[in-house]
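Below is a report on one protein model. It starts from a single helix position and then widens to the cores, the sheets and the chain as a whole.

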Amino acid sequence: MRGTSFSLNGISFKVDGKTLLHPLTLDVPRGQVVGILGHNGSGKSTLLKILARFQSPTSGSAKCLEQELASFRSKDYARKVAYLPQQTPDTDGMTVKEVVALGRYPWHGALGRFSAADKAKVENALELTSLTAMADRIVDTLSGGERQRAFLAMLIAQDTECLLLDEPISALDINHQIEVMRLIRMLAHEHSRSVLIVLHDINMAARYCDRLIALSGGRLVANGETDALITADRLDAIYGVRMGIFRHPQTHTPISYVL
């Protein structure tokens, strides 16, 4: 898939006189998993919130699928971009199927009828996330990995071209981290979704992301294909920690470790 999902031109963000994101210019390609790396406070979540239109940039401009972000109507943008924040919302006793169905809201509205097409999108999302058998379970009774899959299913049902995910695996154990990352990669490579995902785990990023964007102190320090960016010098520039690199014996992806 050619083209860009997002194009940023000098995007920056300041609050109370403090610059959280310095002017940032880059293109995010379509149909790939693009990871955002960086230490705490480096501007990762700020960037994602700007692209999700949860906050407006202080300066600069951005496009989504070749259209200016500011020119979209809210409902139209929600049909193009789905956003999962770090803190997922309370589900208040809702079932998995009810939560997933919320993803159809941009397509029918609060007073719109839930059509056969909406129902099919929900069922497809449940199937893709292996949650069909849990459709009637209360979300609050699920494990961490199952709960995260339910929210991803909601985003899949939203049927957008772009997914913005802010640390979706940070609170999960290793088994569920792998489960969620495999799902995310499948959505990009087999279902033509463009995914921009904030990650802290360098090795997960190396294994599942096609490209990486790295921020440090609100500034862009690296942007390119994953294999080229996971190097000792690059990681030192991002985190200020010396690391060694070796290759996975089967996948040959780079694996980092602290020296």
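V180 lies in helix α7, residues 174–191; helices here are DSSP runs of H or I with at least four residues, strands are runs of E with at least two, and both are numbered from the N terminus. With 0% relative accessibility, V180 counts as buried, a label for residues under 20% relative accessible area, while exposed means over 50% and partly exposed lies in between (1.4 Å probe, protein chains only). Apart from neighbours within four places in sequence, V180 is in contact with Q148, L152, I169 and L172, where contact means heavy atoms within 4.5 Å. The C-alpha atoms of V180 and I169 are 7.2 Å apart, although eleven residues separate the two along the chain.

The model is predicted: local features need pLDDT of at least 70, side-chain atom pairs count only at pLDDT 80 or more, and totals for chains, interfaces and linings use all residues. Residues are numbered from 1 along each chain as its sequence is written, and side-chain values use heavy atoms, with hydrogens and water left out.

**Nonpolar cores**

A nonpolar core is a set of buried Ala, Val, Leu, Ile, Met, Phe, Trp, Tyr and Cys residues joined through side-chain atoms within 4.5 Å. The largest one holds 51 residues, among which L165, I184 and I197 touch the most other members. Helix α6 (residues 144–157) supplies the largest share of this core, eight residues. A second, separate core has 29 residues, including I11, L47, L51 and F72.

**The six-stranded sheet**

Six strands form an open sheet with mixed pairing, in the order β6-β7-β8-β3-β9-β10; two strands pair if DSSP finds at least two bridges between them. The edges are β6 (81–84) and β10 (219–225), each with a single partner strand, so one side of each has no neighbour in the sheet. On average, neighbouring strands of this sheet are turned by 15° against each other, direction ignored. Axes are lines fitted to C-alpha atoms, for helices over the stretch in contact, and angles run from 0 to 180 degrees between N-to-C directions.

β6 and β7 (residues 162–166) run parallel and are joined by four bridges. Within this pair, Y83 stands opposite L164 in β7. Helix α1 (residues 44–51) packs on the sheet and touches β3 (33–37), β6, β7, β8 (194–198) and β9 (211–216), its direction making about 150° with that of β7. Helix α6 also packs on the sheet, touching β6 and β7, and its direction makes about 165° with that of β6.

α1 is mostly covered, with seven of its eight residues buried. These buried residues are K44, S45, T46, L47, L48, I50 and L51. Just after α1, R53 takes a positive phi of about 65°.

Nine of the twelve residues of β1 are buried, so the strand is largely enclosed by the rest of the structure. Its pairings are set out below.

| Partner of β1 | Sense | Bridges | Residue pair |
|---|---|---|---|
| β2 (residues 18–29) | antiparallel | eight bridges | L8 and L26 |

In the hairpin of β1 and β2, two residues lie between the strands, and D16 takes a positive phi near 50°. S5 is placed in β1, residues 4–15. At 1% relative accessibility, S5 counts as buried. Neighbours within four places in sequence aside, S5 is in contact with V28, P29, R30, K63, C64, L65, C162 and S194.

**The chain as a whole**

The secondary structure of the protein amounts to ten helices and twelve strands. Its radius of gyration is 18 Å, close to the 18 Å given by the globule rule for 259 residues, so the protein is as compact as a globular protein of that length. The radius is taken over C-alpha atoms, and the rule is 2.2 Å times the number of residues to the power 0.38. Along its principal axes, the C-alpha trace spans about 55 × 45 × 35 Å.

Buried residues make up 49% of the 259 residues. Of the contacts between residues at least 6 apart in sequence, 65% join residues at least 24 apart. The protein exposes about 12,400 Å², of which carbon and sulfur atoms supply 48%; accessible areas come from the Shrake-Rupley method with a 1.4 Å probe, and for residues only the protein chains shown count as cover.
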